[in-house]
Structures are given as structure tokens and as C-alpha cells.
Amino acid sequence: MLSIRIARGRSLPLGATATADGINFALLCRHGTSVSLVLYERDGDEPGAEVCLHPRRNRTGDHWHILVTGLPATFRYGWRVEGPDGPTHRFDPALVLLDPASTALSGGSVWGAAASVLGTQYSVLSTPSRRGTSRRSLFFRRAFDWQEDAPPLTPLEDSIVYELHVRGFTCHPSSGVKHPGTFAGLIEKIPYLKQLGVTAVELLPIHEFDENDCPFTNPLTGEPLRNFWGYNSIAFAAVKAAYAAAGPENGQVAEFRELVKACHDAGLEVFLDVVFNHTGEGDDHGRTYSFRGLDNELYYMLGPDGHYLNFSGCGNTVSCNHPVVRQMILTCLHFWVADMHVDGLRFDLASVFGRDAKGDVLLEPPVVEMIADDGVLAHTKLIAEPWD
């Protein structure tokens, strides 16, 4: 069991933040009536502590917060939320939810390895609304020496972009790399990319998704298939552990930074394919990782009866122009550009940014204005996929 002390904490920033006095946790949950922080040591399935936040002492507006002292340098955590019933709500206190502000998740470091869900395997669950995940938000300190790293700032008109899949690019033995299918393997291929004459690499989604959460099977063998491409985010700002050779040692954040730094040293820019139009939680039959269990009607476009509006074609549509959601998106983009030194962003199904909470098309979408006029993103190359 963890030996901890608690205090009221602060409402900002969201997520888990190291302070001089401990780790501050803050979560936005508007409609939840009871919120508990569930803490785990680095290894093990059982919680080391669970703290129910006081609805007045640990709440400022819609932000629930708590300061915890005595935690180890590396630990896992999640949130348990109770709330009202109703067609637009999906609260389930049986589930421990990922923090939307997570920049790393536990588990998932071995591509295709099965994860347990509520003590069972994915395939034997029969109650979709109770399907959760055994993965947790992961906290560890991430010192990294960027030295004098700076963006190449290649003029747009001179840019030659090479789009690639981090795993697919080097997973075959013919790639000749020491660490196939990883950021480290991609670093080894930088001389090859330079030889091609490209100026930028655009990485298909490298944020966390669950490749095993796939409803399809091989029609010939019946074998479960995997989601290879990654357009099913479960944490918008968390680097995918399975794409890092150092993933089993929680080294995914540092390894991605090493990739960006090595590309910059070679004069290459790094673009990311980011997917904010939908999440990996899918429709009513999908798995609950985070957003659905925290505040379903805040994060998603819903019909009056609670069904998910599906402008993305992927089961749900994120309500990108809700003030809370668009602030989350902007904070996430700031992380990738300011903390991870990314040079460009390609927005998947960007037309979803042009819809209001009911799905109607907006003339001047607030989220687009925020991104276009943001100071941190002023020199970032922005690419929009123009359909939904």
C-alpha cells in the first residue's frame, strides 16, 4: 500500500503535475457527482490507494483537484467517477478511467500483446457498457537535454513531405535496423530519407491507441485482426509505447524526443498526423477508456436520445467546438509543439472542426480560429484533411 498525505491541491493545470510539495492532480468533470483518484504503484494490479475527493474542498468550478505527497518517482493512476443516469450520460463507477491529459500510459509496450479488461480478456466480455481497460495513466519525471535544438523552418514552398507509419517503415527485416518498428529504428533510416531528398517526415498517428481493440477477423482463419493504422486515439497527448524500443522501460517519451532531435540535426522536419475528430471509444457498443466515462455529453456530439452522431464514420464525433474541448485540443497541440518540438500537424478529418455540437456547419468555427491565430503554433505547418 502507498503511504501518502493529501491536501486540497490546485485546479490548474489539468493532469498530474510535479510541484515543490508533491504531485497535483486536476480533472475536469462537469456532471460527475463523485470523483475518486485511484493510485497504483509502478507494478501490480491492485490499487495502492484510492481517495474520494470532497465535492467542495477538492473542487473549483468543474475542476476536481488534490495534492498528494509521498508518491514514488514512477506510478500509475486513474479516475473513478459516479454521476447521474440519463440518455446522454455513461458514468460507471466500476471503471477506472484514463486521464485525458495523460502524456504516457502504462502497458501496451509490446505490439499486439493482449491486455486484460476488468480481470478478463477482451473477447469474453458480453456487457459493452462495462468494458474498460487495464491500462492506466503513467507518471514519471522526464528530464531531457534538447541542447540547442531548433526547428528547421523549411519554407512551405520548398517542402517535400514523406508520409510513413513508424512501425510499418522498419518492421520488416529488409529495413536492416537494430530496433525494427520503433522510433529508434526510424532514427537509423534518417540517412536514407536524406538521400531521397525529402525535407520532412509526416508520421501516421503515434499517440496511444489499442491495436487489439478491433472488431474484425480474418475471413479465412477467424483470427482476430489488429488496428494497424492508429486512427483510434485513446489519449491525444500520450506517445505510443509500442513504437519505442525503450517502451518496456517507460522510455517512449524520451525516445520520441531523440527522434525529433535527430531529424532536426539532419535538417528534417517532423509532422504528426493528429486525430481529434473521434476517439477509440466508438459508438454505444465501444469500450470506455476515458472521455465517455468522464463526461459523455461534454466531449461528444449526441442526438436527443443520447445516440452518437457519426460524422467521422468511426462511431462517434468529438464536439470540437465546445469551449472545454477546444481548449483541450489547443493544450494538446501546445504540448506537441512546445514540449516535443514537432514542426507540423496534419489534422485528420479536419472538417469536423467546422461543426457545432449538433453537427451543423459553422461559418467561422471557434476551434479553427484558435488554432490559426495561436502564438505558439504561428510557425507550425498546419495541414487539413478536408472532409468528414
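This is a predicted model: local features need pLDDT of at least 70, side-chain atom pairs count only at pLDDT 80 or more; totals for chains, interfaces and linings use all residues.
**View 1. Where β16 meets β17.** Let's step in to one pair of strands from that sheet. Strand β17 (residues 344-347) runs parallel to β16, and 4 bridges join the two.

View 2. Helix α4 covers residues 252-265, and its 14 residues should span 20 Å at 1.5 Å a residue; the end C-alpha atoms are 20 Å apart, which agrees. Because 10 of the 14 residues are buried, α4 is largely enclosed by the rest of the structure. Among the buried residues are V253, F256, L259 and V260, along with the charged R257 and K261. The buried residues of α4 pack against several neighbours, including α2 (183-188), α3 (190-196), β15 (233-239) and β16 (269-274). Just after the helix, look for G267, which takes a positive phi of about 85°.

**View 3. The meeting of α5 and α6.** Here helix α5 (residues 291-299) packs with α6 at an angle of about 120°, and the axes are 10 Å apart. The two helices are therefore oblique to each other. From α5, the contact is made by F291, L298 and Y299, and from α6 by V324, V325 and M328. By type, the contact residues divide into 6 nonpolar, no polar and no charged.

Note on methods
Residues are numbered from 1 along each chain as its sequence is written. Side-chain values use heavy atoms; hydrogens and water are left out. The expected span of a helix is 1.5 Å times one less than its number of residues. Buried means under 20% relative accessible area, exposed over 50%, partly exposed in between (1.4 Å probe, protein chains only). Contact means heavy atoms within 4.5 Å. Axes are lines fitted to C-alpha atoms, for helices over the stretch in contact, and angles run from 0 to 180 degrees between N-to-C directions. Angles under 35 degrees count as roughly parallel, over 145 as roughly antiparallel, 65 to 115 as roughly perpendicular and the rest as oblique. Two strands pair if DSSP finds at least two bridges between them.
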